[in-house]
Amino acid sequence: MLTIEKLPEALIAKGFVAKGQRYSKTVGTATLQVLLGKQEIVYPETDGLVIMRNIKVPVPLLAEQKCPVAKVQGLEQKIADGQAVIPASPARKQAILPRHL
């Protein structure tokens, strides 16, 4: 999750240049600025940088989303169960071997 504390690191990772509390990046002829002290983003739409708003993204119904989530949770439980067995495997192996040799 991106928090205000992690924002400077994320901005630098995305190519922004830091000058105090101001982070800037040039895209084409427009310069995008993030002013952390003012908690403000400055983007000059007049220079061609337009931030898109009100984009509708279709998502499946909640019931349809729950199916893959349940499958993943079931697989995660199988993994956890398998990992719980691993530490006891050498002792189990030693107990079984004498019976079959």
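## Exercises on a predicted model

Helix α3, covering residues 89–100, is built from 12 residues and spans 17 Å from its first C-alpha to its last, close to the 16 Å expected at 1.5 Å a residue.

**Exercise 1.** Determine how many of the 12 residues of α3 are buried, and state what follows for the helix.

*Solution.* Start from the cut-off, by which a residue is buried when its relative accessible area is under 20%. Among the 12 residues of α3 the number that are buried is zero, so the helix lies largely in the open.

**Exercise 2.** Work out the order of the four strands in the open sheet, and which of them stand at its edges.

*Solution.* The strands are arranged in the order β1-β2-β3-β4, with antiparallel pairing, and the sheet they form is open. β1 (17–19) and β4 stand at the edges with a single partner strand each, so one side of each has no neighbour in the sheet. On average, neighbouring strands of this sheet are turned by 20 degrees against each other, direction ignored.

Next, take the pairs one at a time. β1 and β2 are joined by three bridges in the antiparallel sense, and Val 17 stands opposite Ser 24 in β2. Strand β2 (residues 22–27) is joined to β3 by six bridges, again antiparallel, and here Ser 24 has Gln 33 of β3 as its bridge partner. β3 and β4 run antiparallel and are joined by three bridges, with Val 42 of β4 as the bridge partner of Gln 33.

**Exercise 3.** Describe the turns of the two hairpins that involve β3, and say how far β3 (residues 30–35) is covered.

*Solution.* The hairpin of β2 and β3 has two residues between its strands, and Gly 28 takes a positive phi near 65 degrees there. In the hairpin of β3 and β4, four residues lie between the strands, and Gln 39 in the turn has a positive phi of about 55 degrees. As for cover, five of the six residues of β3 are buried, and the strand is therefore mostly covered.

**Exercise 4.** Is Ile 55 buried or exposed, and which residues form a nonpolar surface patch with it?

*Solution.* Ile 55 is located in the loop between β4 (40–42) and α2 (62–85). Its relative accessibility is 54%, and because the cut-off for exposed is over 50%, Ile 55 counts as exposed. Together with Val 57 and Val 59, Ile 55 forms a nonpolar patch on the surface, whose accessible area is about 320 Å² in total.

Conventions
Residues are numbered from 1 along each chain as its sequence is written. This is a predicted model: local features need pLDDT of at least 70, side-chain atom pairs count only at pLDDT 80 or more; totals for chains, interfaces and linings use all residues. Side-chain values use heavy atoms; hydrogens and water are left out. The expected span of a helix is 1.5 Å times one less than its number of residues. Buried means under 20% relative accessible area, exposed over 50%, partly exposed in between (1.4 Å probe, protein chains only). Patches are made of residues with over 30% relative accessible area and no salt bridge: like charges are joined within 9 Å, nonpolar side chains (Val, Leu, Ile, Met, Phe, Trp, Tyr) within 5 Å. Accessible areas come from the Shrake-Rupley method with a 1.4 Å probe; for residues, only the protein chains shown count as cover. A salt bridge is a side-chain nitrogen of Lys or Arg within 4 Å of a carboxyl oxygen of Asp or Glu. Two strands pair if DSSP finds at least two bridges between them. Axes are lines fitted to C-alpha atoms, for helices over the stretch in contact, and angles run from 0 to 180 degrees between N-to-C directions.
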